[in-house]
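Please examine the sequence and the structure shown below before reading on.

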Amino acid sequence: MLNALQVVTIVVVGVMVGVEFSVAFVMNRIFNALPEDSGQLARAHGGRMLGAVMPVWYIGSVVLAALWAVADRHGHGTGLVVTGAALLIVSVIMSVLLLVPINNRGKTWTPENRPADWKRQMERWDRFHYLRVAVIIAAFACLAAALV
């Protein structure tokens, strides 16, 4: 049972890292290169779509890592699992405090109602997102290292 929990946790966290890495380093660069208002509209749509899925994914990752830590509390990699879970908790806190408020505004914007500083707000979101991606990559690395 523990092996199944470990595999599921690694896959769920790993795919989440891949999606967030792609948003940071692929999708947003594509959106920024689109002509006229298309990039802003794409970001708004992405904010709505991923904003509905990512909370479940982030919380689910924390729960899976916590379950792994409890189930294998006497194992050789428990410290790494606890560290990975703590980093995932940090990523959730970052999301709630820093990224979600910007995303909640941005996902409602259209070319007609967006604020004059919308690009600056998106750049701020991007900076916070880069930091969050680093945190979840570190969490994933801890969880993966706990297996060896």
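Helices (H or I, at least four residues) and strands (E, at least two) are here DSSP runs, numbered from the N terminus. On that basis the chain contains 4 helices and 0 strands, and its pattern along the sequence is α-α-α-α. The model is a predicted one, in which local features need pLDDT of at least 70 and side-chain atom pairs count only at pLDDT 80 or more, whereas totals for chains, interfaces and linings use all residues. Residues are numbered from 1 along each chain as its sequence is written, and side-chain values use heavy atoms, with hydrogens and water left out.

Along the principal axes, the C-alpha atoms of the chain fill a box of roughly 55 × 25 × 20 Å. A contact is defined by heavy atoms within 4.5 Å. Among the contacts in the chain with a separation of 6 or more, 81% join residues 24 or more positions apart. Accessible areas were computed by the Shrake-Rupley method with a 1.4 Å probe, and for residues only the protein chains shown count as cover. The chain exposes about 8,000 Å², of which carbon and sulfur atoms supply 71%. Buried means under 20% relative accessible area, exposed means over 50%, and partly exposed lies in between (1.4 Å probe, protein chains only). Of the 148 residues, 39% count as buried.

The UniProt record, an unreviewed entry, places the feature "transmembrane region" at residues 6-28, 49-71, 77-100 and 129-147. UniProt positions are given in the numbering used here, feature names are shortened, and annotations may be inferred rather than shown by experiment. In the model, residues 77-100 are 96% helix and 0% strand, with end C-alpha atoms 32 Å apart. Residues 129-147 are 89% helix and 0% strand, and the end C-alpha atoms of that span lie 27 Å apart.

The interior may be described through its nonpolar cores, a core being a set of buried Ala, Val, Leu, Ile, Met, Phe, Trp, Tyr and Cys residues joined through side-chain atoms within 4.5 Å. The largest core has 20 residues, and those with the most contacts inside it are Met16, Tyr58, Trp68, Val81, Leu88, Ile136 and Leu143. Helices α1, α2, α3 (78-106) and α4 each supply at least two residues of this core, and α2 gives the most, with 7 residues. Trp68 illustrates the packing: leaving aside residues up to four places away in sequence, Trp68 touches Leu2, Leu5, Gln6, Thr9, Ile10, Val81, Leu143, Ala146 and Leu147.

A salt bridge is a side-chain nitrogen of Lys or Arg within 4 Å of a carboxyl oxygen of Asp or Glu, and the structure holds 4 of them. One of these joins the side chains of Glu20 and Arg132 (3.3 Å, N to O). The pair links distant parts of the chain, with Glu20 in helix α1 and Arg132 in helix α4, 112 residues apart. Glu20 counts as buried because its relative accessibility is 3%, and Arg132 is buried at 7%.

Asp37 and Arg114 form a salt bridge whose closest N and O atoms are 3.0 Å apart. Asp37 lies in the loop between α1 and α2 and Arg114 in the loop between α3 and α4, so this pair ties together parts that are 77 residues apart in sequence. Asp37 is partly exposed, with a relative accessible area of 27%, and Arg114 is partly exposed at 23%. A further salt bridge connects the side chains of Arg120 and Asp117 (3.3 Å, N to O). Arg120 counts as exposed at 57% relative accessibility, whereas Asp117 is partly exposed at 25%.

The loop between α1 (2-33) and α2 (38-71) also holds Glu36. Phi of Glu36 is near 50 degrees, a positive value in a residue other than glycine. Glu36 counts as exposed because its relative accessibility is 80%.

The surface, finally, carries a nonpolar patch. Patches are made of residues with over 30% relative accessible area and no salt bridge; like charges are joined within 9 Å, and nonpolar side chains (Val, Leu, Ile, Met, Phe, Trp, Tyr) within 5 Å. Phe21, Phe25, Val26, Met27, Ile30, Leu34, Tyr130 and Ile137 make a nonpolar patch of about 620 Å². Its largest share, 5 residues, comes from α1, and α1 and α4 (118-145) each supply at least two residues. Leu34 is placed in the loop between α1 and α2 and is partly exposed, with a relative accessible area of 33%.
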